[in-house]
Amino acid sequence: MGLPRRDALRILAACMADWWLPRSVYAQKLRAPKKPERRVIVVTFGGGVRYEDTLAPEGWINIPHLTSEIAPQGLVYPNGRHEGLTGHFNSTAALVTGSRQNVDAYGSEAPVTPTIFELFRKEHALPPEEAWLIATNKSFGLMGGSKLRALGDPYSANVVLPKQMLISTIKAAVSTEAGPGVENRQALAERMMLALDEGYEGFGWRVFESGRLLGAEVKASLAKSLLAYFNDPAAPTSGDELTFFMTKEIMNRFAPSLLVVNFWDIDIAHYGAYSLYLEAIRRTDRLVHELWQHAQSLPQYRDRTTLIVVPEMGRDSDIAGNGFANHRSGDESCRRVWLVAVGAGVPRGTGTERPIRTMDVAPTVAQMLGFKMADCEGRPLAELAF
Ligand SMILES: [Zn+2]
């Protein structure tokens, strides 16, 4: 459906420009009273990957950029562990709060302890453009902040779900544009929405909107660039490619100090095809590398950015579970992860066998960005936290 979809989008993009952005492009000056010098980007191999398919020697073939270009410049923790529930929302929420999150696995509840986004923004009195979560997993709408009285929506991250943003943009354009060929456009747009709207576990995937919505102009501007991107015949169309594109846009426009990026195509493993799972791992590896290169190309990021790369969790072993396809058994294979860090403040070409937990990431980020972490289960990674 490549060509027809693009045709539909070309027509849509033409009407969108006036419809979304009648007057001005977003040009608001950032009011950043105490914007730190340091930048931190946390990227997840979302969906979860098994150790044997990635950081174990037999898995290196699947993560060539990470093992041959990023890790040698940084620090590797091969003995990482995810504790707590092995759902996607639960594991990423543990990463951004430093504590296990026993909340709904499909994202209908916000994290119950403070997120790094809220604590960072509140302590430094920073605008929302300083903290972003960009997620391929569309159930992450409430990941940007807890609902705690002193924190919550006013201090949450800007959460962008690029697939969802594209879908709603197209829906809005189709429904307002009458005239010749409208049925045809609607049919094409619906097919495209279906293609983007997948949830690999087959049920329960919904979008939950937080009380803190993106500013109208920011949203319109990002939606427009997303459509323009999609309309380029050379543009790849996976969810993670969209997430990558949107992450670059946000870095270019706002240069936020804190970015958490969830790649999630790997979860296609639920369909049971090992080759698709490996293909998604390789794509994630490539996108992580391209993201790091992009950071080096921007003066606002070069030499002051720390990149942290970590799987959301593992996946089932062939023995305890039914193999790579799922992450339900809760066995060691489901929990074993690794972590690679590179950039500002990170010793080059080192590693430590010391066991760490994904919950250690949040307090580590707090030390890097100079804000006080709330009480949590994780501990700062001493090798990185300076
Ligand atoms: Zn899954």
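This is a predicted model: local features need pLDDT of at least 70, side-chain atom pairs count only at pLDDT 80 or more; totals for chains, interfaces and linings use all residues.
Which residues are buried in α11?

**View A. Burial along helix α11.** Helix α11 spans residues 361-369 and is mostly covered, with eight of its nine residues buried. The buried residues in α11 are V361, A362, P363, T364, V365, A366, M368 and L369. Just after α11, G370 adopts a positive phi of about 70°.

View B. H88 belongs to helix α3 (residues 88-97), whereas H327 is in the loop between β6 (305-311) and α10 (332-335), so the pair ties together parts that are 239 residues apart in sequence. H88 and H327 are both buried.

**View C. Packing of helix α8 with helix α9.** The axes of α8 (residues 239-254) and α9 (residues 274-297) come within 11 Å and cross at roughly 10°. Angles under 35 degrees count as roughly parallel, and α8 and α9 are therefore roughly parallel to each other. On the α8 side, the contact is made by D240, E241, F244, T247, K248, M251 and N252. On the α9 side, R283, T284, R286, L287, E290, L291, H294 and A295 take part. By class, the contact of α8 with α9 comprises six charged, five nonpolar and four polar residues.

How values were computed:
Residues are numbered from 1 along each chain as its sequence is written. Side-chain values use heavy atoms; hydrogens and water are left out. Helices (H or I, at least four residues) and strands (E, at least two) are DSSP runs, numbered from the N terminus. Buried means under 20% relative accessible area, exposed over 50%, partly exposed in between (1.4 Å probe, protein chains only). Axes are lines fitted to C-alpha atoms, for helices over the stretch in contact, and angles run from 0 to 180 degrees between N-to-C directions. Angles under 35 degrees count as roughly parallel, over 145 as roughly antiparallel, 65 to 115 as roughly perpendicular and the rest as oblique. Contact means heavy atoms within 4.5 Å. Ala, Val, Leu, Ile, Met, Phe, Trp, Tyr, Cys and Pro count as nonpolar, Asp, Glu, Lys and Arg as charged, and the others, Gly among them, as polar.
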